Amino acid sequence: MQKRISNLPFSGTPEQEEKLNAIIARHKDEKGAIMPCLQEAQEVYGYLPVEVQTMIARGLGVSLEEVFGVSTFYSQFSLTPKGRYNISVCLGTACYVKGAANVLDAITKNLGIQPEECTPDGMFSLTACRCIGACGLAPVMTVNDEVYGRLVPEEVDGILEKYKNGDA
């Protein structure tokens with residue numbers, strides 16, 4: 001699955017930039033510094049927007065393409081921000097066979113976003129993953145740490161409404 005770039009404008013703070021500069025300075029002379037810089041930068045920002053990747057590239061004296069290549073190759077890195085409620089839909093074999101694609105479609109219609117995007121208000125983000133290890137509950141989605149199993153598309157609106165209303 002190809003990673004998407006964030007659909008929201010970057011809004012880093014001076015404090016975050018100061019932390020990033022310290023991270024870069026600490027790793028600058030290490031071999032393979034890109035990986036630890038990206039890992040720590042993601043801890044600071046929550047994701048890796050192109051602006052952060054550009055700062056890392058400049059600080060380490062490497063090309064943006066090299067930094068971008070690492071950030072898009074490893075699944076641990078996210079190029080999009082996570083919402084207050086991060087929804088993950090399992091598209092592993094068991095879930096897919098039992099209708100996970102239809103559940104995902106219902107979520108995208110309800111929220112108006114695609115996988116690896118975040119709603120403009122920052123409330124919801126959506127991820128499509130390969131397996132969460134709950135095959136017996138297929139199809140499955142999680143909202144943060146809450147697991148919803150044996151889903152049908154008709155249940156999606158009600159589940160999301162709980163989070164929209166603050167009832168979850």
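1. Phe-73 counts as exposed, since its relative accessibility is 63%, where exposed means over 50% relative accessible area, buried under 20%, and partly exposed in between, with a 1.4 Å probe and protein chains only. This is a predicted model, in which local features need pLDDT of at least 70 and side-chain atom pairs count only at pLDDT 80 or more, while totals for chains, interfaces and linings use all residues. Residues are numbered from 1 along each chain as its sequence is written, and side-chain values use heavy atoms, with hydrogens and water left out.

2. The structure holds 5 aromatic pairs, a pair being rings of Phe, Tyr or Trp (its six-membered ring) with centres within 6.5 Å, called stacked if the planes are under 30 degrees apart, edge-to-face if over 60, and tilted otherwise. One of them joins Phe-73 and Tyr-74, whose ring centres lie 4.9 Å apart with the planes at 85 degrees, so this pair is edge-to-face. Tyr-74 is partly exposed, at a relative accessible area of 35%. Ring pairs also link Phe-73 and Tyr-74 with Phe-77 into a cluster.

3. A tilted pair is formed by Tyr-85 and Phe-124, with 5.7 Å from centre to centre and 40 degrees between the planes. This pair links distant parts of the chain, as Tyr-85 belongs to strand β1 (residues 85-90) and Phe-124 to strand β3 (residues 124-129), 39 residues apart; strands (E, at least two residues) and helices (H or I, at least four) are DSSP runs numbered from the N terminus. Both Tyr-85 and Phe-124 are buried.

4. Strand β3 also contains Leu-126, which is buried, with a relative accessible area of 1%. Leaving aside residues up to four places away in sequence, Leu-126 touches a set of residues including Asn-86, Ile-87, Val-89, Leu-104, Ile-107 and Ile-113, contact meaning heavy atoms within 4.5 Å. By comparison, the C-alpha atoms of Leu-126 and Asn-165, 39 residues apart along the chain, are separated by 18 Å.

5. Turning to the helices, the axes of α1 (residues 14-27) and α3 (residues 50-60) come within 10 Å and cross at roughly 35 degrees, the axes being lines fitted to C-alpha atoms over the stretch in contact, with angles from 0 to 180 degrees between N-to-C directions. On the α1 side the contact is made by Glu-17, Leu-20, Ile-24 and His-27, and on the α3 side by Val-52, Met-55, Ile-56, Gly-59 and Leu-60.
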